[in-house]
Amino acid sequence: MTITITAFERSPDGGKGLARDTRVRWALEEVGQPYEVRLVSFAEMKAPGHLAIHPFGQIPTYEEGSLSLFETGSIVFHLAEQHTGLLPKDRNARARAITWMFAALNTVEPPILELTTARIFERDKPWSEERLPLVKDRVRARLDKLSAYLGVADWLDDTFSAGDLLMVSVLLRLRMSGILDEYQNLAAYVARGEARPAYIRAFTAQFAINAEGVKDSQR
């Protein structure tokens, strides 16, 4: 059965790998599963056909035969359970990897998304300058703990896992803010994730779509 995921027809980040379909592409590349991509516009994301798969009108979605999924955490977890490469065989190590998946999405990502909102969507508000430092402090509070835990290790546990895939994907959102550079071990950790062949293939595929869109708009 062919796996089909959805992605932005034109990503808001211009193909920098921050759109959440990149996480699913990366997971598919790590487990060696071929897939097809159905590109959707913002209008199509709100149409009944897409809402039947993703009730909140977002991307990515995942379809394989009669199975339809949404939410990147759920999709990555499904792939990790169905194929080797993203979860350890040892039961305890497996449980720890799953814990880090939840930590990435539930503990580390929320303040980072709040920072994105503050920097991009609320910067014209009269209270923006006062609020922004508070939001950054909340991000640093998470990174302080994460950095201390990671220390000099390559990955969050003994080997790369779905927990690392999601954590690196989350931390990538901080690059433009400069906060990631304040933590040398976390910046190096993200760089190791980006250097993985599977990530490079995923990023290249996502970037190519947006690069082609730019060319089309210039013709």
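Start by selecting Arg140 and Asp137, whose side chains form a salt bridge with N and O 3.6 Å apart; a salt bridge here is a side-chain nitrogen of Lys or Arg within 4 Å of a carboxyl oxygen of Asp or Glu. The two residues sit three apart in helix 6, which means about one helical turn separates them. Helices (H or I, at least four residues) and strands (E, at least two) are DSSP runs, numbered from the N terminus. An α-helix has 3.6 residues a turn, so residues three or four places apart point the same way. Colour by accessibility and Arg140 comes out partly exposed at 23% relative accessible area, while Asp137 is partly exposed at 46%. On this tour buried means under 20% relative accessible area, exposed over 50%, and partly exposed in between, with a 1.4 Å probe and protein chains only.

Before moving on, note that this is a predicted model, in which local features need pLDDT of at least 70 and side-chain atom pairs count only at pLDDT 80 or more, whereas totals for chains, interfaces and linings use all residues. Residues are numbered from 1 along each chain as its sequence is written, and side-chain values use heavy atoms, with hydrogens and water left out.

**Stop two: salt bridges across the chain**

The model holds 14 salt bridges by this rule. Select Asp157 and Arg96 next: their side chains meet with N and O 3.1 Å apart. This pair links distant parts of the chain, with Asp157 in the loop between helix 6 (128-150) and helix 7, and Arg96 in helix 5, 61 residues apart. Asp157 is partly exposed at 22% relative accessibility, and Arg96 is partly exposed too, at 35%.

Then select Glu109 and Arg173, a salt bridge whose closest N and O atoms are 3.8 Å apart. Glu109 belongs to helix 5 and Arg173 to the loop between helix 7 and helix 8, so the pair ties together parts 64 residues apart in sequence. Both Glu109 and Arg173 are buried.

**Stop three: helix 1 and the spaces in the model**

Now select residues 21-30, helix 1, where ten of ten residues are buried. Among them are the charged residues Asp21, Arg23, Arg25, Glu29 and Glu30; Lys and Arg count as positive and Asp and Glu as negative, with His and the chain ends not counted. Just after this helix, Gly32 takes a positive phi of about 70°.

The largest pocket holds about 1200 Å³ of space. A pocket is an open set of points on a 1 Å grid over the protein atoms alone, with protein on both sides within 12 Å along at least five of seven lines; a cavity is a set where a 1.4 Å probe fits but cannot get out, and lining residues have an atom within 4 Å of a point. Grid points are joined across faces, edges and corners, and a volume is the space filled by probe spheres set on the points.

Which residues lie nearest the centre of the largest pocket? They are Leu18, Ala19, Arg20, Leu113 and Arg173, out of 38 lining residues. Helix 5 gives the most to this lining, with eleven residues. Helix 2 (42-45) and helix 4 (72-82) each supply at least two.

There are also two cavities of 30 Å³ or more. The largest cavity has about 40 Å³ of space, and its lining includes Thr22, Arg23, Ser169 and Tyr199.

Go to Asp164 in helix 7 (residues 162-171). Asp164 is buried yet has no salt bridge, and the nearest side chain of opposite charge, Arg196, is 7.7 Å away. What does the side chain of Asp164 reach at 3.0 Å? The backbone nitrogen of Leu156 is at that distance. Beyond neighbours within four places in sequence, Asp164 is in contact (heavy atoms within 4.5 Å) with Trp155, Leu156, Thr159 and Tyr189.

Glu194, in helix 8 (residues 184-195), touches Leu172, Arg175, Tyr199 and Ile200, leaving out residues up to four places away.

**Last stop: two backbone details**

Select Ile59 and Pro60, joined by a cis peptide bond with omega about 5°. Pro60 is in the loop between helix 3 (48-51) and strand 3 (61-64). Finish at Glu71, in the loop between strand 4 (67-70) and helix 4: this non-glycine residue has a positive phi of about 80°.

Note on methods
A polar contact is a pair of N or O atoms within 3.5 Å; within protein, one must be able to donate a hydrogen and the other to accept it, and residues adjacent in sequence count only if both atoms are side-chain atoms.
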